[in-house]
Amino acid sequence: MRILAGAILAAAPALVARQAPAPAPRLQVWRLDRDGTGAEAPIAVGSLQKPFVAKAWAEAFPDRPTPRLRCGPASGCWRPSGHGELGLARALAVSCNAYFRALAGEVPPEILAHAFAAEGFQGPPGSPDEALGLEGEAGGPAIAPQALLRADRRLVDEPWLHGEPVRQEVLRGLRESARIGTAQGLGRRAAWAKTGTIP
């Protein structure tokens, strides 16, 4: 199993994603190429997809406030006891599978597929689980690291035409992830960050 941690460093001109293979604590650093010509093969990125599920949801429901959800022991989340009641920002900070499964399940498949393709993902999510980065029947979307870093940069720099308040919640969640959530191990409190686990 590999743990991927994507971090957008507030003080640095480049975006950085770190990949820490288990069990060795060796890190691989991805930096956004200035010319954007990175030629890496697309890979599965697990929960690093969750911000883009939120973007698809915002496109599908531009005038709705984001939902709240109770994540309990029977919710099928990665945390056996659940995460309790949470909204989008907290769900992103703790990478709640139950929340994002419900969010992805509300989005029409064609909107979800379009949102992922627009960000550079190859292959549409075939199910809510694939949309949130869990492996599904078809394996789910994949993306080249450079394309993911460009998508992350757009997420931070460019307001959304539909659902800008949702993007602001996403940014709060990414900040909380670095401060007290799943990415706090990066040691970058003034960063936007997201972790993902893949086989």
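The structure holds 7 salt bridges, a salt bridge being a side-chain nitrogen of Lys or Arg within 4 Å of a carboxyl oxygen of Asp or Glu. The model is predicted, so local features need pLDDT of at least 70 and side-chain atom pairs count only at pLDDT 80 or more, whereas totals for chains, interfaces and linings use all residues. Residues are numbered from 1 along each chain as its sequence is written, and side-chain values use heavy atoms, with hydrogens and water left out.

**Overall fold**

- The protein chain has 7 helices and 6 strands; helices (H or I, at least four residues) and strands (E, at least two) are DSSP runs numbered from the N terminus.
- Along the sequence, these elements follow the pattern β-β-β-α-β-β-α-α-α-α-α-α-β.
- The protein chain has 199 residues, of which 48% count as buried; buried means under 20% relative accessible area, exposed over 50%, and partly exposed in between (1.4 Å probe, protein chains only).
- About 9500 Å² of the protein chain is accessible surface, and carbon and sulfur atoms account for 55% of that area; accessible areas come from the Shrake-Rupley method with a 1.4 Å probe, and for residues only the protein chains shown count as cover.
- Of the contacts between residues at least 6 apart in sequence, 59% join residues at least 24 apart, where contact means heavy atoms within 4.5 Å.

**Salt bridges**

- Glu85 and Arg68 form a salt bridge in which the closest N and O atoms are 3.2 Å apart.
- Glu85 belongs to strand S5 (residues 84–86) and Arg68 to the loop between helix H1 (50–60) and strand S4 (69–71), so this pair ties together parts that are 17 residues apart in sequence.
- Glu85 and Arg68 are both exposed.
- Arg154 and Glu119 meet through their side chains in a salt bridge of 2.8 Å, N to O.
- Because Arg154 lies in helix H6 and Glu119 in the loop between helix H4 (109–118) and helix H5 (128–131), the pair ties together parts that are 35 residues apart in sequence.
- Arg154 counts as partly exposed at 26% relative accessibility, while Glu119 counts as buried at 5%.
- Glu176 forms a salt bridge with Arg179, with 2.9 Å between the closest N and O atoms.
- Glu176 and Arg179 are 3 residues apart in helix H7 (residues 164–179), so about one helical turn separates them.
- An α-helix has 3.6 residues a turn, so residues three or four places apart point the same way.
- Glu176 is partly exposed, with a relative accessible area of 24%, and Arg179 counts as partly exposed at 35% relative accessibility.

- In H1, 9 of the 11 residues are buried, so the helix is largely enclosed by the rest of the structure.
- The buried residues of H1 are Lys50, Pro51, Phe52, Val53, Ala54, Lys55, Ala56, Trp57 and Ala58.
- Helix H6 (residues 145–157) has 13 residues and should span 18 Å at 1.5 Å a residue, which agrees with the 18 Å between its end C-alpha atoms; the expected span is 1.5 Å times one less than the number of residues.
- Buried residues of H6 include Pro145, Leu148, Asp152 and Val156.

**Lys50 and Lys194**

- Lys50 is found in helix H1 and is buried, with a relative accessible area of 0%.
- Not counting residues up to four places away in sequence, Lys50 touches Leu92, Ser95, Cys96, Asn97, Phe100, Leu132 and Lys194.
- Lys50 and Val170 are 120 residues apart along the chain, and 9.4 Å separates their C-alpha atoms.
- Lys194 is found in strand S6 (residues 191–198).
- Lys194 is buried yet has no salt bridge, and the nearest side chain of opposite charge, Asp152, is 10 Å away; Lys and Arg count as positive and Asp and Glu as negative, while His and the chain ends are not counted.
- The side chains of Lys194 and Ser95 are joined by a polar contact of 2.7 Å; a polar contact is a pair of N or O atoms within 3.5 Å, where within protein one must be able to donate a hydrogen and the other to accept it, and residues adjacent in sequence count only if both atoms are side-chain atoms.

**Ser127**

- Ser127 lies in the loop between H4 and H5 and is partly exposed, with a relative accessible area of 25%.
- Ser127 and Gly140 are 13 residues apart in sequence, with a C-alpha to C-alpha distance of 8.3 Å.
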